[in-house]
Amino acid sequence: MSTVVWFHAVNSQEQLNEVFQFLKNGINQIVMVEADILMGKEVLNSFSWIWNLILSQDDKPIMSHPPWTQSNLTFESMVDQIISASEDKNNNLQDLKTLKFDFKSPIAVEICLKILQEKAK
């Protein structure tokens, strides 16, 4: 019998790395991931607010939950990493059964759908 493991609010690169590490352990579990998406600033370091302000870019879909509007993980980067991990035979990505995206911004929905359309080509 499999156990269901739910990763909630996977909104940073560090949290996504934890999911991938868990999957690599290959414990035959059903893994579900939930992440929040809003329009905000991409930053390089999720722990340094001073650096983040200096490195801010235009708003884009990021993995974050209000009131935070900065993240070191964009939607596109998360999708790219999941696609890449799915091609790695050493991964147990088949255990990842659900990706739930909680959109916090209507504008982000349209942009994310366009990103997914491009990735599907």
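The side chains of E76 and K119 meet in a salt bridge, with N and O 3.1 Å apart. A salt bridge here is a side-chain nitrogen of Lys or Arg within 4 Å of a carboxyl oxygen of Asp or Glu. This pair links distant parts of the chain: E76 lies in helix α3, K119 lies in helix α4, and 43 residues separate them. The model is a predicted one: local features need pLDDT of at least 70, side-chain atom pairs count only at pLDDT 80 or more, and totals for chains, interfaces and linings use all residues. Residues are numbered from 1 along each chain as its sequence is written, and side-chain values use heavy atoms, with hydrogens and water left out.

D80 forms a salt bridge with K119, and their closest N and O atoms are 2.6 Å apart. E76 has 35% relative accessibility, so it counts as partly exposed. D80 counts as partly exposed because its value is 33%. K119, at 27%, is therefore partly exposed.

Another salt bridge joins K104 and D102, at 3.0 Å from N to O. K104 has a relative accessible area of 32%, so it is partly exposed. D102 is partly exposed too, because its relative accessible area is 22%. D36, D102 and K104 are linked in a network of salt bridges. The count comes to seven salt bridges.

Now the overall layout. The protein has four helices and five strands. Both are DSSP runs, numbered from the N terminus: helices are H or I with at least four residues, strands are E with at least two. Read along the sequence, the pattern is β-α-β-α-β-β-α-β-α. Of the 121 residues, 39% are buried. Contact means heavy atoms within 4.5 Å. Among contacts with a separation of 6 or more, 68% come from residues 24 or more positions apart.

Start with β1. β1 and β2 run parallel and are joined by four bridges. Two strands pair if DSSP finds at least two bridges between them. F7 stands opposite V33 in β2.

A nonpolar core is a set of buried Ala, Val, Leu, Ile, Met, Phe, Trp, Tyr and Cys residues joined through side-chain atoms within 4.5 Å. The largest such core holds 24 residues, and V33 and M78 touch the most other members. Elements giving two or more residues to this core are β1, α1, β2, α3 and α4. Leaving out residues up to four places away in sequence, V33 touches F7, V10, V19, M78, L96, T98, L99 and K100. In soluble globular proteins, nonpolar side chains tend to be buried together.

Helix α1 covers residues 13–24. The expected span of a helix is 1.5 Å times one less than its number of residues. For the twelve residues of α1 that gives 16 Å, and the end C-alpha atoms are 16 Å apart, which agrees. Which residues of α1 are buried? They are Q13, L16, V19, F20 and L23. Seen down the axis of α1, these fall within an arc of 115°, so they line one face of the helix. The arc is that of the directions from the helix axis to the C-beta atoms. The buried residues of α1 pack against β1 (4–7), β2 (30–42), α3 (75–86) and β5 (96–103). Just after α1, G26 takes a positive phi of about 60°.

The 15 residues of α4 (residues 106–120) should span 21 Å, and its end C-alpha atoms are 22 Å apart, which agrees. The buried residues of α4 are A108, C112 and I115. They cover an arc of only 55° around the axis, so they sit on the same side of α4. The face turned away from that buried side carries the exposed residues P106, Q117 and A120. The buried residues of α4 pack against β2, β3 (60–63), α3 and β5.

Key:
Buried < 20%, exposed > 50% of the residue type's maximum accessible area, 1.4 Å probe, protein only.
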